[in-house]
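This report is for a reader meeting the structure for the first time. Please keep the sequence and the model in view while reading.

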Amino acid sequence: MTIQADQETIIVEAFINGQNVKSLSQVAKENPTNPTEIVGYFPVTTKEQAVEAIEAAAGAFKTWKQTSIDERITMMRKAIEKIRAAENEIVHLLSREHGKPLYDAHGEIYVSLMWMEFACNEAKSALQEEIKEHENGKTILSYDPIGVVAAISPWNYPIALSTIKIAPALLAGNTIVLKPSPYAPLAAAKVAEIIASEFPAGVINVVHGDADVGVELTSNPLVTKIAFTGGTATAKHIIKAASETIKDMTLELGGNDAAIFLESFDVHDERAMRRIVISNFLTAGQICMIAKRVYVHRSIYDEFVEKYIEAANRWIRIGDPFDSNTTVGPVNNLKQKNYVLGLVEDAQKRGAKVIPLGQILDQKLFDQGYYLQPTLVLGCDVHDPIVVEEQFGPTVPILPFDDEEQVIHLHNESIYGLTSSVWGKEEDAISVARQLEAGTTMINTAAVQGLDVRFPFGGFKQSGIGREYGAEGIRTYTEKHVINVPKTLDLPYIPE
């Protein structure tokens, strides 16, 4: 990646076999705060260049898989230090191309580095060969690298959701081809190149481009694993493309995560009310694991809504991502803005009450960017689109429920099951949590506030296949290889 002399416009090229590779055409990436400002340009990688990247990764794999785990960890630790040294530059670029406030962009780097460091600390034990002596002989279980990984990352957390794939894939001895989202390609590409500078050529490759590049990554027979974070609809196309060669997959997909407030929840707990507001509107609601629908026991519903509005109006300040007073920035792109607006307008047509939340710090800036004022939606039916669909934006419905059986049913009838949260007395909350169909359930907090990279993360049903984070998130980039050495080499009941 190079930065032009004006230190403003970023030029990104494909990165293949240790080199930047020029493309015939490039696409402008606008600043969602001010769409007339161009943050940088990224290439339209051709299908042929995608093949070149895959072949470079396949070639590098032959020698890379032979490197020791200690060597891999040493290289990754050096990459971590380089990212840390460049953090301010990365954060400013991420904020400009994505729209997230500076504190939020720093938070993404924090989570990324936390995971990379955990992966370095955990890799040796997670990948340690197991040898068991038993009455039938000896069995060796090894975790072998799987090969070339095609990693496709989304735009909402482009760095965190790239490094969640890069770190374990490389530590396990694989090579990788990364395709960042065209809605946030610049900072993710920069971080990938920083990491690549510590590894042999071909171990990390970066491509950009249209659907034909994605199809190549997901169908090429040299690719042995796909790691994808994104929408469920896109995942269905990926599964079809990969079916001809039966690839291993980790798919972290959409969610319609519910927050359930039990009768025992204290509506006067101001810190808890602040946590749920943040769980709804951090990153302008554009997080797969954010609380997207809120169910509140009818006995506390009215007071809960009152206290929620108070907490939201205290925390939500919509403005320039570079303003330290800003807590909520613009939506990342116009398509997403229009989608969220459509859901809110549909709810109004169905009779729901829409309440604007927070303070707009700069109306002129708000009007020129992809901004949406966060909204609370009341009076919805439980099956309205704004309740059953993933909004992925700054709006949230709050609905009353009468008993635990009812709310558990409402939670579990969704086609999704990524995360959930239950709020109230701990014993009560855990009892309900055990009955929910979700990959992660948090107690008295939600979303990123309840994330722990030491434990596996993923979803039920159409929220995904497989798990990331934790030791399991490292082993998912390996094949289990069993070597049996039986004492009795011949079967005893076979005749001579």
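## Asn34 and the basis of the model

Asn34 counts as partly exposed because its relative accessibility is 21%; buried means under 20% relative accessible area, exposed over 50%, and partly exposed in between, with a 1.4 Å probe and protein chains only. Asn34 belongs to strand 6 (residues 34-43). Helices (H or I, at least four residues) and strands (E, at least two) are DSSP runs, numbered from the N terminus. Between the C-alpha atoms of Asn34 and Pro221, which are 187 residues apart along the chain, the separation is 42 Å.

The model is predicted: local features need pLDDT of at least 70, side-chain atom pairs count only at pLDDT 80 or more, and totals for chains, interfaces and linings use all residues. Residues are numbered from 1 along each chain as its sequence is written, and side-chain values use heavy atoms, with hydrogens and water left out.

## The annotated domain

UniProt, in an unreviewed entry, places the feature "domain: Aldehyde dehydrogenase" at residues 25-481. UniProt positions are given in the numbering used here, feature names are shortened, and annotations may be inferred rather than shown by experiment. Over residues 25-481, the chain is 42% helix and 22% strand. The end C-alpha atoms of that stretch are 44 Å apart.

## Helix 2 against helix 5

The axes of helix 2 (residues 69-85) and helix 5 (residues 160-171) come within 9 Å and cross at roughly 150°. Axes are lines fitted to C-alpha atoms, for helices over the stretch in contact, and angles run from 0 to 180 degrees between N-to-C directions. Helix 2 and helix 5 are therefore roughly antiparallel to each other; angles under 35 degrees count as roughly parallel, over 145 as roughly antiparallel, 65 to 115 as roughly perpendicular and the rest as oblique.

Helix 2 contributes Ile69, Arg72, Ile73 and Met76 to the contact, and helix 5 contributes Ile166, Ala167, Leu170 and Leu171. Contact means heavy atoms within 4.5 Å. By class, the contact has seven nonpolar, no polar and one charged residues. Here Ala, Val, Leu, Ile, Met, Phe, Trp, Tyr, Cys and Pro count as nonpolar, Asp, Glu, Lys and Arg as charged, and the others, Gly among them, as polar.

## Two buried strand residues

Ser142 lies in strand 8 (residues 137-145) and is buried, with a relative accessible area of 9%. Its side chain makes a polar contact of 3.0 Å with the side chain of Asp144. A polar contact is a pair of N or O atoms within 3.5 Å; within protein, one must be able to donate a hydrogen and the other to accept it, and residues adjacent in sequence count only if both atoms are side-chain atoms. Apart from neighbours within four places in sequence, Ser142 is in contact with Glu129, Glu479, Lys480 and His481.

Thr375, in strand 19 (residues 375-378), is buried at a relative accessible area of 11%. Not counting residues up to four places away in sequence, Thr375 touches residues including Phe281, Val344, Leu357 and Val396.

## Two loop residues with positive phi

Thr283 is not a glycine, although its phi is positive, about 55°. Thr283 sits in the loop between helix 9 (270-281) and strand 15 (293-297), and is buried at 3% relative accessibility.

Ala447, also not a glycine, has a positive phi of about 60°. Ala447 is in the loop between strand 23 (440-443) and strand 24 (460-461), and is buried, with a relative accessible area of 4%.
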